[in-house]
Amino acid sequence: MITIDEFRLIRDYVEKHCGIHLSDDKTYLVETRLTTMMFEQGCNTFGDLYNRAVLDKTHTLRDKIIEAITTNETFWFRDIHPFSILTELVLKQYADEIAAGKRNKIRFWCCACSTGQEPYSIAMTFLEFIRHYPRLKPENIEILATDISSTVLFLGKLGRYDNLAITRGLGEEYRDRYFVQNNKIWTISDEVKKMVRFQKLNLQESFNHLGKQDIIFCRNILIYFSLEFKQDILKRIAALLRPGGYLFLGASESIIMYTQEYEMQRHAMGLYYQVK
Amino acid sequence: MRILSVDDSAATRHFIKKAIDVLGFEFLEAGDGKQGLQILQRENGKVDLILLDRHMPEMDGMEMLEALKANEKYKDIPVTMVTVELERDEIHKAIDRGAKNYLIKPFSQENLIGKIMESLDISL
Ligand SMILES: C[S@@+](CC[C@H](N)C(=O)[O-])C[C@H]1O[C@@H](n2cnc3c(N)ncnc32)[C@H](O)[C@@H]1O
């Protein structure tokens, strides 16, 4: 059994290193997800596990604890609206700018990409879009997909999905157009795969080095963070976006009370934010 | 990569196979420790990871673990122990005898893939 003091130690440790805020009702979750690890490490208590993680200079144990706590739930074209907004509004605008010679590239950053469904959905949206805008080429877009977890990045890079994962949010038409089936596994086609670059990144750390972005997907991740951390990330994201750049959040997330950097916009049934 | 699942439950082996398929790795299977050792011999020890059930008839997981670690050819193959009970002494014992880590049933595909990556030291 985890004691309340041990829970608090681990809660603060997790929050410090990845921003995830664990409320007191997550005590049981922490206990179930970390018990095996505690015993594997030869520890008898969660306090021992904590001490061991703190002393581990390689951060291996810290990363393992973070992996065990995070939730990686994701699916294709999640909430659909962001993707229709891309097609109907955002990509149109940038396509015109490219055609007018005002820009050459559209830069996307998907900052909590999990197993790849989100960045690949963006890539497929773009490929569909350019069927009607043949002047644009896949080379006109850059999609950077990052996450804190090595496991999900590995899977995203592989781009292989089983029968269950492939159906979640994905229609048969896209499935047949953009995936290759082999037995029960669907592999994302090379055409889509090569549009996405995966990289490990903890949002807790500085991301200035990524350079200016046009569109940022930061979806179903802020909900896990504390108020202060949310504000901090949103400020840093605003600084990374080009003027007028777009931010998309998860359907249940709203930022309007946390920051003045963005203008909330509506399109059809969906919401997006534009940096002022 | 080649993964050997040694488990007397065909359902567990099937579940493991599905995850191995997602990873695109090669899957080998055995119903108990004896068969497991036979497969290793047949494959000349060319296996990258063994997922080893703790409780099996014939030769159980702990016995097979000991046999593996006592064998020059097999002793460096990482072993993930699979079991239903989350017992401290059991886990400590297996780790002391050279198991890399532990996986508690029931586990999700995500748990399993995480363990496999940890055992194979795959990181990004
Ligand atoms: C619930 S998933 C959301 C995936 C996708 N954006 C979507 O909406 O479907 C949250 C992801 O955030 C990642 N994550 C958690 N904390 C993070 C941090 N501090 N930095 C980067 N990624 C983090 C997790 O590993 C997980 O893959």
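**Salt bridges, a covered helix and the A–B contact**

1. B:Asp89 is exposed, with a relative accessible area of 55%. The side chains of B:Arg88 and B:Asp89 form a salt bridge, at 3.5 Å from N to O. That term covers a side-chain nitrogen of Lys or Arg within 4 Å of a carboxyl oxygen of Asp or Glu.

2. A word on how to read the note: this is a predicted model, in which local features need pLDDT of at least 70 and side-chain atom pairs count only at pLDDT 80 or more, while totals for chains, interfaces and linings use all residues. Residues are numbered from 1 along each chain as its sequence is written, chains are lettered from A and ligands numbered from 1 in the order in which they are written, and side-chain values use heavy atoms, with hydrogens and water left out.

3. Over all chains, the whole structure holds 31 salt bridges. One of them joins A:Asp24 to A:Arg11, with the closest N and O atoms 3.6 Å apart. A:Asp24 sits in the loop between α1 (4–18) and α2 (27–40) of chain A and A:Arg11 in helix α1 of that chain, so the pair ties together parts that are 13 residues apart in sequence. Helices (H or I, at least four residues) and strands (E, at least two) are DSSP runs, numbered from the N terminus. A:Asp24 is partly exposed at 43% relative accessible area, whereas A:Arg11 is buried at 18%.

4. Chain A also has a network of salt bridges, which links A:Glu97, A:Arg103, A:Asp214 and A:Arg242.

5. Do look at helix α7 (residues 150–158) of chain A, which is mostly covered, with seven of its nine residues buried. Among the buried residues are A:Val152, A:Leu153, A:Phe154 and A:Leu155. At the N-terminal end, A:Ser149 caps α7(A), placing a side-chain oxygen 3.3 Å from the backbone nitrogen of A:Thr151. After α7(A) comes A:Gly159, with a positive phi near 70°.

6. Now to where the chains meet. Which residues does B:Lys115 link to by a salt bridge? Its partner is A:Glu40, at 2.6 Å from N to O. This pair crosses between chains, from helix α5 (residues 109–119) of chain B to helix α2 of chain A. B:Lys115 is buried at 14% relative accessibility, and A:Glu40 is buried at 8%.

7. The contact (heavy atoms within 4.5 Å) takes 24 residues from chain B and 20 residues from chain A. Together the chains bury about 1900 Å², 67% of it on carbon and sulfur atoms; this area is the accessible area (1.4 Å probe) that two parts lose on being put together, summed over both.

8. Two salt bridges are counted between chain B and chain A. A:Lys64 and B:Glu118 make a salt bridge with their closest N and O atoms 3.3 Å apart. On the side of chain B that touches chain A, α1 (10–23), α4 (88–96), β5 (101–104) and α5 each supply at least two residues. The largest share, seven residues, comes from α5(B). That side divides into twelve nonpolar, six polar and six charged residues, where Ala, Val, Leu, Ile, Met, Phe, Trp, Tyr, Cys and Pro count as nonpolar, Asp, Glu, Lys and Arg as charged, and the others, Gly among them, as polar.

Note on methods:
Buried means under 20% relative accessible area, exposed over 50%, partly exposed in between (1.4 Å probe, protein chains only). A polar contact is a pair of N or O atoms within 3.5 Å; within protein, one must be able to donate a hydrogen and the other to accept it, and residues adjacent in sequence count only if both atoms are side-chain atoms.
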